[in-house]
Amino acid sequence: MRVGNVILAELDKLRTLPAVLLTAVATVGAAAGIAAAFAAGDGGPGAAESVTDVTLRMVPYVQAGLVLLGSLPAAHEYADGQIRATLTAVPERGLLVAAKSVAAATAVTLTAAAATGAGAAAAALTWWRAGAPPAAGGGGGGALLGATAYLALIGLLSYAVALLVRHLIPVLVGVLSLVLIGSPLLAAVTAHARWLPDRAGSQLYAPTDPVLTAATGGLVLLVWTVAVGVGAWVRFVRADP
Amino acid sequence: MRYGRILAGELHKAATLPAVWGGVAGALLGALAVTLLNSVAARAALENGRAEAWGSTSPFENAYAAMPLTVVGAVVLGVVVISSEYTANRADAGGGRQIATTLTVTPYRIQVLAAKAITVVVGVMVIAPATLLVTVGLARLVIGGGAETVSVTAAVTRCLGGTLYATLTGLIAFAVTVLTRSGILPLLVLIMNSTLVSGSLLLTKLTPLAHWLPDLAGRRLFGGLDTVDGGLAPLPGAIVMSGWTLALLVIAGAVFSRRDA
Amino acid sequence: MPRWWGRTGIVGVLLIDQVVKRRGSRTVLDRVTFAARPGRVTAFLGPNGAGKSSTLRILLGIDRADQGRALIGGRPYRSLREPLRTVGAMLDGVGAHRSRTAWSHLAWIARTHGIPRRRVREVLEQVGLAGHAGVRVGRYSLGMGQRLGLAAALLGEPEVLVLDEPVNGLDPEGIRWIRRLVRDHADAGGTVLLSSHLIGEVAGVADDLVIIANGRVVRTGTLAEVTAGHGDLEETFFALTGGAPGVGR
């Protein structure tokens with residue numbers, strides 16, 4: 001069985017699942033809308049922010065869309081017993097997980113890039129229409145790339161959790177609660193909260209931490225993802241579906 | 001059919017739904033974890049004489065900080081009591097959904113919906129104060145009762161306020177899920193709205209009317225410090241939030257009784 | 001003419017050998033042993049909950065046996081390089097996500113094996129779903145779902161067919177169609193293993209029988225051998241599985 005075929009089949013599955021397309025489009029739309037809202041709210045002559053700064057502020061909001069998108073490739077398999085069709089077509093489970101992971105990574109990366117791009121474009125457009133040229137600088141392209149990387153990795157983390165847990169709602173509630181509630185609460189208590197996946201990952205686009213750089217922060221998030229992913233891989237390969 | 005039986009049926013269904021217990025357990029454990037961490041840090045600050053830097057050393061405040069998790073639990077409850085009706089069995093088991101059974105057993109749709117809403121209310125009103133009681137107890141254990149700065153009346157008022165907020169949010173989640181038949185959207189929106197990345201809060205930058213949205217209107221029910229200016233005082237806010245909840249429930253009821261299951 | 005026409009040897013033989021499966025403290029399958037041979041329709045008969053689906057899931061590599069082995073042509077399913085070209089399986093109905101269309105469902109399956117799109121069109125016509133290919137699976141009736149499952153099984157032109165309760169939910173025309181499909185497949189030299197709890201359907205089409213109850217195989221043999229001394233198949237079935245808890249499972 002050719003790896004390329006299995007990857008293409010996994011991409012086919014994502015392409016033909018309405019929920020995936022809907023989530024991706026809604027995420028990109030929300031990114032544009034929120035960035036535009038930030039630009040409109042703070043803009044005007046003498047605005048101290050660049051397009052990049054404003055775009056980065058929409059990232060914490062938009063990550064929810066990536067969390068949902070990332071959980072779909074794995075969670076939808078268990079919805080109507082599709083996992084049985086999948087396992088009879090591709091019984092080699094290591095290959096299946098690898099291909100599914102590639103497809104999921106592709107989907108979240110494309111959506112993350114589109115969201116960041118749409119956000120930047122919307123912010124720039126809002127300011128241009130208001131006649132207020134934005135300030136230059138502010139990190140520029142590097143920070144935007146970092147934002148894309150962060151969004152993609154958060155989506156991938158959700159994918160790994162969903163592959164392990166197999167039910168959509170617990171994944172959504174768990175990951176969102178951790179990232180949006182648990183993380184800020186822990187950060188107020190201890191500086192060690194910097195090692196949480198989302199806090200470390202946020203260094204990719206907002207490097208404010210004294211210990212972690214953008215690169216090391218991204219690496220920490222990646223390590224979290226791989227760790228959960230390994231657990232999910234083991235369960236998938238060895239256990240009954 | 002006696003209404004008591006319909007209500008008993010819905011209560012029993014909720015009590016035997018694993019997702020409900022999962023949500024309750026998650027909220028409770030999360031609240032306990034947060035309280036513990038906060039309390040340990042507060043106690044350390046007390047002992048090192050850096051109480052002001054930490055913020056509040058009151059056991060009540062440190063436990064109350066975990067209220068957002070209780071709200072998430074309420075949202076999960078509100079979503080799950082109705083989304084469980086629409087989870088289809090596997091095709092080989094007939095592909096049926098529980099909603100068909102529910103509605104053949106009890107064809108009076110409004111009463112079914114009302115019973116479910118009451119189930120949500122009962123659930124939250126039991127779990128929220130109980131969680132607060134347990135977490136405050138834990139905080140007092142760790143920090144010591146002497147550091148308490150919140151009076152008993154204030155504590156009880158804020159507990160009631162927080163419970164009301166959680167109950168209304170749970171009911172809003174319930175109503176929206178009835179309309180959308182899927183819990184994903186209400187979960188995403190309502191969890192986000194109880195955090196710093198609140199969509200409603202974002203809207204206040206664009207228009208002050210956003211302060212009339214249910215979650216923002218009711219936020220002063222939590223008492224304590226105000227971090228965002230503008231908006232309604234606690235009592236008017238509670239009335240507005242209740243108004244939203246009632247309106248959404250009425251719409252949900254109207255739609256539910258008219259459409260195909 | 002099918003690609004495997006005229007092939008000899010053990011390629012098409014299904015072997016279940018001393019399979020044991022436990023779920024918690026229950027022994028779901030207790031040293032189940034039987035074979036299905038090419039050119040014959042083997043019917044796997046038993047009450048609800050007897051272990052038919054569990055056995056087939058182990059045969060297809062979905063679940064893992066605690067002891068024993070299940071082989072297809074001497075190899076476990078999970079070692080087959082392109083399994084759909086050897087075994088066409090229809091397990092528990094559709095297995096398609098409800099918001100996908102029938103076409104999309106078959107298309108991704110075909111893609112895993114590099115099976116061309118035109119084959120998807122062919123099988124849809126063969127099972128009579130060509131007009132409903134663009135409809136979401138969630139809207140399918142039980143019978144349509146069964147046909148879709150069958151279409152997926154036939155995609156790779158396999159020489160072995162493993163069908164779990166294929167006539168479930170089909171109308172009389174559908175049942176006759178399955179019977180003919182299965183008979184033609186066996187007559188052409190292919191292997192068919194189908195499980196059922198409908199005695200009448202099985203009697204009309206089976207060559208070999210495997211009767212299972214409570215996780216144990218109680219009788220195997222040809223139709224004639226198994227029914228000898230009991231009259232018809234229904235009598236035999238109840239005599240052999242008598243008292244086994246079927247109702248209520």
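**Confidence first**

Reply: pLDDT is the predictor's confidence in each residue, from 0 to 100. Helices (H or I, at least four residues) and strands (E, at least two) are DSSP runs, numbered from the N terminus. This is a predicted model: local features need pLDDT of at least 70, side-chain atom pairs count only at pLDDT 80 or more, and totals for chains, interfaces and linings use all residues. Residues are numbered from 1 along each chain as its sequence is written, while chains are lettered from A and ligands numbered from 1 in the order in which they are written.

Me: What does chain B average in pLDDT?
Reply: Chain B averages 85, with 91% of the residues scoring at least 70. Where pLDDT is low, the predicted coordinates should not be read in detail.

Me: And what is the mean pLDDT of chain A?
Reply: It is 89 for chain A, and 93% of the residues of chain A reach 70 or more.

Me: New topic. How many residues are in the largest nonpolar core?
Reply: The largest nonpolar core has 229 residues. Such a core is a set of buried Ala, Val, Leu, Ile, Met, Phe, Trp, Tyr and Cys residues joined through C-beta atoms within 7 Å. Buried means 20 or more other C-beta atoms within 10 Å of a residue's own, exposed means 12 or fewer, and partly exposed is in between, with C-beta atoms placed from the backbone.

Me: Which helix gives the most to this core?
Reply: Helix H7 (residues 140-165) of chain A, with 17 residues. Ala123(A) is among the residues with the most contacts inside the core. Leaving out residues up to four places away in sequence, Ala123(A) touches Ala35(A), Ala36(A), Phe38(A), Ala39(A), Val51(A), Val54(A) and Thr55(A). Contact means C-beta atoms, placed from the backbone, within 7 Å.

Me: How many residues of chain A are in contact with chain C?
Reply: 27 residues of chain A meet 30 residues of chain C. On the chain A side, helices H1 (3-15), H2 (18-42) and H5 (82-89) each supply at least two residues. That side divides into 14 nonpolar, 6 polar and 7 charged residues. Ala, Val, Leu, Ile, Met, Phe, Trp, Tyr, Cys and Pro count as nonpolar, Asp, Glu, Lys and Arg as charged, and the others, Gly among them, as polar.

Me: At what angle do H8(A) and H2(B) cross?
Reply: The axes of helix H8 (residues 168-189) of chain A and helix H2 (residues 18-47) of chain B cross at roughly 10° and come within 11 Å. Axes are lines fitted to C-alpha atoms, for helices over the stretch in contact, and angles run from 0 to 180 degrees between N-to-C directions. So H8(A) is roughly parallel to H2(B), a label for angles under 35 degrees. By class, this contact has 9 nonpolar, 4 polar and no charged residues.

Me: Over to chain C. What is the phi of Gln18(C)?
Reply: Gln18(C) has a positive phi of about 55°, although Gln18(C) is not a glycine. Gln18(C) sits in strand S1 (residues 14-23) of chain C.

Me: Why does Gln18(C) count as partly exposed?
Reply: Because Gln18(C) has 13 C-beta neighbours inside 10 Å.

Notes. Contact = placed C-beta atoms within 7 Å. Parallel < 35°, antiparallel > 145°, perpendicular 65-115°, else oblique.
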